[in-house]
Structure formats: C-alpha cells, structure tokens
Amino acid sequence: MESLKPIHRSPLRIYFGKKYYRFRRYVDWYFGSKKFSLKKGDTLLQHVIFTHQTVLMRELKDVEMWLQHNKVKNLGLATAKLNKVVIKPGETFSYWRLLGNTSRKKGYVDGMILHYGKVQTGVGGGLCQLSNLIYWMTLHSPLTVTERYRHSYDVFPDSKRSQPFGSGATCAYNYLDLQIKNETNHTYQLIVYLTDTHLVGEWRSSAPSIHSYEVYEQDHMIRQEYWGGYVRHNRIHRRKFNLDNQLIDDEFVTENHAIMMYEPLLADPALNAMEI
C-alpha cells in the first residue's frame, strides 16, 4: 500500500487547483458525450429496489450542535432538488450536475465540512451524508457507479457504525462528483426526503428487481506509518443473489485508504463516522 503521508499544499495551489478541476468538469458536463439525467418523474415508479435511512442529528465530539441543525437545512434544500429524478436507460446521474453550486443565494447555510482531515465550516456543509446514502443504496441496485471518491481521512471512531468503513462517497463542488449510469433496460428513480429524525432514500424502478446484494469488506487493516500516523485500508465487495437466494456473483467494488485522525481502537458512543 502506498504511503499516505499528508502533502502540504499552499492556499494558492489549492485555489487554482479547484479552478482548474471545476473548469474540466464544466467541459465534461456541457461538451462531453454523456447523456445526463435532468428530469423528474411526476409519479413514483412502482417497484422499490432498495431503501435506506440515516439519522440526522448526532452529537459529535468537539462539533457544536448548531452545525448539525444547519446541516439539516442544507439537506432539505438538496433533497428537494434530487427527489424524483429519473434515470432512463443510458443516462448518467451526476450529483453536482443536478444540485449546482451550494450558495447562500440559494438558501444554503454554514455547515460542517472536512478539509484535509480537519473539521471546518463552509456553505452547504453536511451534504456528504446525502452522497453517502445514494452511494450505499446504489451498491444494492443494478445501477453502475462510474465515478466516486473515497474519504481520504477517517475522522471519527467506529462506534455504532452500521456499514463497512469506506462505503461512503465524499463530495466537493463540482470536481469530486458522484456519477451513476443506468446500464439496464429499465428506468430508475431516486427518492430522497427528510423526516423529523432521518434522511431517507429509495431507488425505484419500472420493473421489479431480479437480484439482491450483500455489501461487505475484506482485507481490513490498520498500520502505523514511518511518519508517525496511522492509516486504514480495506476492500469493498458485494455478493449478488438471484430470486432463489443463490449466490451468482461476488464482485470487487472498490479499495479504500484513509489517514486516521484518532488513535486505533478508540471508541466513543457519541461518535459516528458514517453520517456526517
């Protein structure tokens, strides 16, 4: 495994780097060959393929609760933009193509963001909870993830973690995108909304699912690096079953490496890494 020793980059390098990669993304959106899903369906598609929900409010160490409340407001705006979006065969869902930039003008407020392993505030913060949810649901569907970025830092311990480490998708407008292509013969629809306590999501389809999926990790390890820090590694796989619950495939999904921002084996019931 390659060394993950943090690389110091100047603010100027980060600023111009973002400008460059954002420009490349705009070129891909407007001049590339992909056909993006941009429309919503008036009615819900009949068949629920997979559903999942995550808790909205978590008490996190050294994170003030007003950031959690602001995150909920940001998630409300974002889910309204994505709810009922339809992906027809051959189309690609782009998280940021649909959301657009999260500006104050659109009503977004300061929320928690992770920047080079540090908790900071930024307009639109907290939307990784939504990209995490969509990615996790997609792993339980026939849809194909064509672009996803892992979290480079593992910030909080595993207490109450219900999903494998590395099963989320980080996001940053617009160069860290989550893109999902519909390579099936059926139409799919994303449903996302908030209750008083949870962020809820569904993938629906025009046809019933003929497969089910089990996502799991392999080769999990924690290693101390020569520069003093700890890194974490695993591989995400998924098992595919037919309607008779017979295993028909065992697929490699992705590999994760992250710098740990806490001591190994540290546990705190007030912390949860998956639902920031």
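This is a predicted model: local features need pLDDT of at least 70, side-chain atom pairs count only at pLDDT 80 or more; totals for chains, interfaces and linings use all residues.
Strand β12 covers residues 230–241, and β11 pairs with β12 in the antiparallel sense over 11 bridges. I then asked which sheet contains them and how many strands form it. I found an open sheet of 4 strands, in the order β7-β13-β12-β11, with mixed pairing. The edge strands are β7, at 153–154, and β11, at 212–224; each of them pairs on one side only.

**Entry: the chain as a whole**

The chain has 276 residues, and 48% of them are buried. Its secondary structure comes to 4 helices and 13 strands. I also looked up contacts between residues at least 6 apart in sequence: 73% of these join residues at least 24 apart. For the surface, I noted that the chain exposes about 14200 Å², of which carbon and sulfur atoms supply 51%.

**Entry: helix α4**

Is helix α4 largely enclosed or open? I found that α4 spans residues 128–138 and that 10 of its 11 residues are buried, so the helix is largely enclosed by the rest of the structure. I listed the buried residues as Gln129, Leu130, Ser131, Asn132, Leu133, Ile134, Tyr135, Trp136, Met137 and Thr138.

I then turned to Thr170, which is placed in the loop between β7 and β8. Thr170 has a relative accessibility of 15%, and because the cut-off for buried is under 20%, Thr170 counts as buried. Leaving aside residues up to four places away in sequence, I found that Thr170 touches Cys128, Ser131, Tyr149, Arg150, His151 and Leu176. Ser131 is also one of the buried residues of α4.

**Entry: salt bridges**

How many salt bridges does the structure hold? I counted 10, and I examined several in turn.

In one of them, Glu147 is joined to Arg25, with the closest N and O atoms 2.4 Å apart. This pair links distant parts of the chain: Glu147 belongs to strand β6 (residues 144–147), Arg25 belongs to helix α1 (residues 11–31), and the two are 122 residues apart. I checked the burial of each partner. Glu147 is buried at a relative accessible area of 13%, and Arg25 is buried at 9%.

I next looked up Asp110, which forms a salt bridge with Arg104; here the closest N and O atoms are 3.0 Å apart. Asp110 is partly exposed, with a relative accessible area of 23%, whereas Arg104 is exposed, with a value of 52%.

The side chains of Arg232 and Asp154 also meet in a salt bridge, at 2.8 Å from N to O. Arg232 lies in strand β12 and Asp154 in strand β7, so the pair ties together parts that are 78 residues apart in sequence. Arg232 is buried, with a relative accessible area of 4%, and Asp154 counts as buried at 4% relative accessibility. I also noted a network in which salt bridges with shared partners join Glu214, Arg239 and Asp250.

**Entry: charges over rings**

Arg232 lies over the face of Phe165, at 4.5 Å from the ring centre. Arg239 lies over the face of Tyr216, at 3.8 Å from the ring centre.

**Entry: aromatic pairs**

I recorded 8 aromatic pairs in total. Why does the pair of Trp96 and Tyr173 count as edge-to-face? The ring centres are 5.4 Å apart and the planes stand at 90 degrees, so the pair is edge-to-face. This pair, too, links distant parts of the chain: Trp96 is in helix α3 (residues 95–99), Tyr173 is in the loop between β7 and β8 (179–181), and 77 residues separate them. I found both Trp96 and Tyr173 to be buried.

Definitions and conventions
Residues are numbered from 1 along each chain as its sequence is written. Side-chain values use heavy atoms; hydrogens and water are left out. Two strands pair if DSSP finds at least two bridges between them. Buried means under 20% relative accessible area, exposed over 50%, partly exposed in between (1.4 Å probe, protein chains only). A salt bridge is a side-chain nitrogen of Lys or Arg within 4 Å of a carboxyl oxygen of Asp or Glu. Contact means heavy atoms within 4.5 Å. Accessible areas come from the Shrake-Rupley method with a 1.4 Å probe; for residues, only the protein chains shown count as cover. Rings of Phe, Tyr and Trp (its six-membered ring) pair if their centres lie within 6.5 Å; planes under 30 degrees apart count as stacked, over 60 as edge-to-face and the rest as tilted. A charge sits over a ring if NZ of Lys or CZ of Arg is within 6 Å of the ring centre and within 35 degrees of the ring normal.
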